[in-house]
Amino acid sequence: MGRRGKNPFHALRRCLAVFARPMRGDNGRGGLVINPFRGVGSSREVFIMGRVFYQHGFGASVAPGSVRRDVIDCLRRLLRKGMGGVNVGVRFNDSHTIVSTDDDGYFHATVSVDDALEPGRIWYEAELRLMDDFGDVIKATTEVYVPPPNVDFAVISDIDDTVMHTGVANKAFMLYRLFLEKADRRAAFPGVAAFYQALYRGDQGDSDRPLLYVSRAPWSIYEMLEEFFRINRIPAGPVLFLREWGMSLTRPFPRRSKDHKRIVIRRMLALYDDLPFIMIGDSGQRDPEVYTTIVRENPTRVKAVYIRAVSNDSERDESIKQLAKEVSEAGSTLVLAEDTATMARHALSQGYISKEALATIMKEEETERKFRF
C-alpha cells in the first residue's frame, strides 16, 4: 500500500480517473448532458442543482476504463461548454418541476414533496431530463439527502482551512492544493474525520444529522472534493455549495463571492426552519464575521460556532474574541480552537457527541499529527 502511494503512475492514474468521471455517461458520443450534484431536502421540499453541458463527441470506440479513454475524456471535459436557456425537468417521487439553466448552464430546482416519505430512509433518487434539438430525451439521476424526522440539529461547515489544508489565507497555496495536488494529499486536519462522524451520528450513534459543506472553491473541483471526503472517511453529505468562478479568456479572474456563504446559510436555515444549527469555520478569512451576522439574525437558531484558529495573527484572534462576546450576548457560543479536540470537548459538554466519540477523536488527532505533520 505504501509503495502504491509513492508510485507517480498510480497517482496520475487516479487523478485522470477522477477528472474524467463526469464525462463517462455519454460514452464519448457527445451532445447535451446533465451534470447534477447531490441534492438536499426536508419532508416539505428538496433542493437540487446541476449544470447542462454541450460535450464534443470523439473517441467513442476507445475502451471504457482505459488510460487512453480517461485522457480523451479529460480533453473533452476541458472543451465542454455550459448551455444557457435549456429547460430541465426534475422529478422527486411523484412531484415534478421544470427549470431553465442560467447563462453558464447552471440550474437550481426546488421541488415540493407532496407525499409522505418512506420511514427510516434518508437517501432518495431524483430524476432529471431534457430534450435536445433532435428530439432525443437526455436523462440523469442524482442522490437527495433528507434527514430523519427526529434529527435534533444540522451542521454547516466551511471546507477550506476548516476540514482540509487549502491555505485560504495564502491564495497561491490554495490554488496549488485545489488544482495541482491529488485529493489524498490535500491533508485533512487531524481528528476531523472522527469529529464529523461523531457530529453526524450524534450522542446515541444514530442521528444521521445533515452535514452541509460550503466553499468559495469552483464547481469544477466537485469530484475531487468527493474523492477527498471518501479517502479521508469524512461524512460526505451534500457537497452542494461551491460556486461558479466564471473564468474565461476574456475574464481571467474569479467573480467576487462576498455574499456566497451568507446566502447559502440563509437558504439552509429556511429549508430546515425547524432545526437549530452548529456552524464550523476558520479564522483565515470572514467565517467569524459571517457566522456572527447569522447569529444576530437568528439568535435562537445557532447552538454553537466553532472557529479553527489558522491565521497565526494575535490581532485577528483578539478580534474574534470580541465577536465571541457578541455571539454570547445573542444567546450562542463561539469557540476559537487551535485543534479539533477543543471543539470536540465543547461538543461533548453540550451533549452533541458521545464520550466514546471524544476518545476516538483525540486518539485519531494524536496519531495523525504524529505521522502526517
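Predicted model: local features only at pLDDT ≥ 70, side-chain atom pairs only at ≥ 80, totals over all residues.
Biologist: Where is R77 found?
Modeller: In helix α3, residues 67-79. Helices (H or I, at least four residues) and strands (E, at least two) are DSSP runs, numbered from the N terminus.

Biologist: Is R77 buried or exposed?
Modeller: R77 counts as buried because its relative accessibility is 8%. The cut-offs are under 20% relative accessible area for buried, over 50% for exposed, and partly exposed in between (1.4 Å probe, protein chains only).

Biologist: Switching to Y124, where does that one lie?
Modeller: Y124 is in strand β8, residues 123-131, and at 5% relative accessibility it counts as buried.

Biologist: What does Y124 touch?
Modeller: Leaving out residues up to four places away in sequence, Y124 touches F92, L117, E118, T142, E143, V144 and V146. With F92, the C-alpha to C-alpha distance is 8.3 Å, at 32 residues apart in sequence.

Biologist: Which backbone oxygen does the side chain of Y124 reach?
Modeller: That of E118, at 3.2 Å. A polar contact is a pair of N or O atoms within 3.5 Å; within protein, one must be able to donate a hydrogen and the other to accept it, and residues adjacent in sequence count only if both atoms are side-chain atoms.

Biologist: Why is α5 largely enclosed by the rest of the structure?
Modeller: Because nine of its 10 residues are buried. Among them are F195, Y196 and Y200. Just after α5, G202 takes a positive phi of about 85°.

Biologist: What comes in the loop between α5 and β11?
Modeller: S207 has its place there, with α5 at 192-201 and β11 at 211-218. S207 is buried, at a relative accessible area of 13%. Its contacts, not counting residues up to four places away in sequence, include P148, V151 and G202.

Biologist: Which residues other than glycine have a positive phi?
Modeller: N93 is one, at about 55°, and R233 is another, at about 60°. Most residues other than glycine have a negative phi. N93 lies in the loop between β5 (87-92) and β6 (95-100), while R233 is in the loop between α6 (222-231) and β12 (241-243).

Biologist: How about accessibility for N93 and R233?
Modeller: N93 is partly exposed at 34%, and R233 is partly exposed at 46%.

Biologist: Which residues make the nonpolar surface patch of about 370 Å²?
Modeller: F58, L75, L78 and L79. Patches are made of residues with over 30% relative accessible area and no salt bridge, joining like charges within 9 Å and nonpolar side chains (Val, Leu, Ile, Met, Phe, Trp, Tyr) within 5 Å. A salt bridge is a side-chain nitrogen of Lys or Arg within 4 Å of a carboxyl oxygen of Asp or Glu. Accessible areas come from the Shrake-Rupley method with a 1.4 Å probe; for residues, only the protein chains shown count as cover.

Conventions
Residues numbered from 1 in each chain as written. Heavy atoms only, no water. Contact = heavy atoms within 4.5 Å.
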